[in-house]
Structure formats: structure tokens, C-alpha cells
Amino acid sequence: KNNGQTNVSEKLRLDFDTLVGNVTLKVGMMGLNEGKNGFDETGKWTAYDAKGKKVANGLLGPEYSTLGKDVKVKKSYGSYPIELETSKAIASLEIEATGFGHGAGSPIGKSYGENNSDFNVMGISFDTLPGTQGGF
């Protein structure tokens with residue numbers, strides 16, 4: 001969840017036992033036009049190698065759905081599979097919320113001040129790279 005007043009976000013960190021690739025996140029509760037100001041709930045990801053060096057980063061949002069721009073999983077509220085675009089092996093992954101519209105929007109109502117973009121991680125799929133060690 002991203003705090004719209006301080007722009008500080010909780011972070012989820014995933015450390016893998018082996019290096020991984022071809023990562024797809026399935027996020028949920030990521031609302032379109034959630035702030036009622038034309039901006040969607042969004043987030044970002046950062047991938048690290050086994051030594052803790054950042055190797056890739058990108059954005060999370062409905063527009064990055066692997067089903068097509070703004071296409072959600074049927075009969076869901078804001079559930080989108082999002083492929084993390086990188087050719088680098090990943091040892092750990094950090095996921096966090098951003099302000100509405102990747103920080104471009106701001107909540108209109110006071111009630112949104114405390115949860116400007118909040119979503120969950122419903123699942124993750126990836127390929128392991130045999131004979132490697134993740135974490136650091």
C-alpha cells in the first residue's frame with residue numbers, strides 16, 4: 001500500500017533459493033480509475049542478482065496485463081497477470097505500490113490519503129535456473 005500523504009510504500013521482498021527467470025506476477029485488487037481521477041492503482045518491481053545488485057526494474061499496472069492492455073482475469077476485481085520484462089537472472093524481487101497512475105495522480109478524497117494504490121500478489125510463476133543459488 002502506498003501512503004498518498006507521504007508517498008512511502010510497504011515493500012514485499014521475495015528471496016529465491018535458486019536464480020529464476022521468466023517471472024510472471026499475478027496481482028489482485030488493482031483497480032482501474034480507483035482514485036476517481038482517471039488514474040489506476042499501480043506499483044513497481046525491482047529485481048536483484050545473487051550479490052544484491054539491481055539488475056532490472058519495471059512498472060506494475062493494468063496496462064501491463066499479459067491478457068492485453070487493461071484486460072483483467074474474468075470475473076475478478078483487478079486481477080492481472082504481468083510478465084516481468086528482463087533477460088537477467090533474478091535472485092530476489094521487491095514489489096511495492098506507487099501513487100495512483102505510477103505517481104502521476106493523487107487521491108481526490110481524504111479517505112484515499114492512507115491507501116493510494118493498494119493491491120495484493122495473488123501468485124507468482126517462474127522458471128528456476130538449475131545449479132544456481134539465489135538470495136544473498
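In the predicted model, D70 has a relative accessibility of 28% and therefore counts as partly exposed. The residue is located in the loop that connects β5 (54–60) with β6 (80–83). Its backbone is marked by a positive phi of about 65°, although D70 is not a glycine. For residues other than glycine, phi is negative in most cases.

A positive phi is also found at K75, with a value of about 60°, and K75 is likewise not a glycine. K75 belongs to the loop between β5 and β6, the loop in which D70 is found. At 89% relative accessibility, K75 counts as exposed, because the limit for that class is over 50%. D70, at 28%, counts as partly exposed, since values under 20% would be needed for a buried residue.

Strand β3 spans residues 11–28 and includes L12. The relative accessibility of L12 is 37%, so this residue counts as partly exposed. Leaving aside residues up to four places away in sequence, L12 touches L93, E94, I95 and V121.

Methods:
Residues numbered from 1 in each chain as written. Predicted model: local features only at pLDDT ≥ 70, side-chain atom pairs only at ≥ 80, totals over all residues. Heavy atoms only, no water. Helix = DSSP H or I, 4+ residues; strand = E, 2+ residues; numbered from the N terminus. Buried < 20%, exposed > 50% of the residue type's maximum accessible area, 1.4 Å probe, protein only. Contact = heavy atoms within 4.5 Å.
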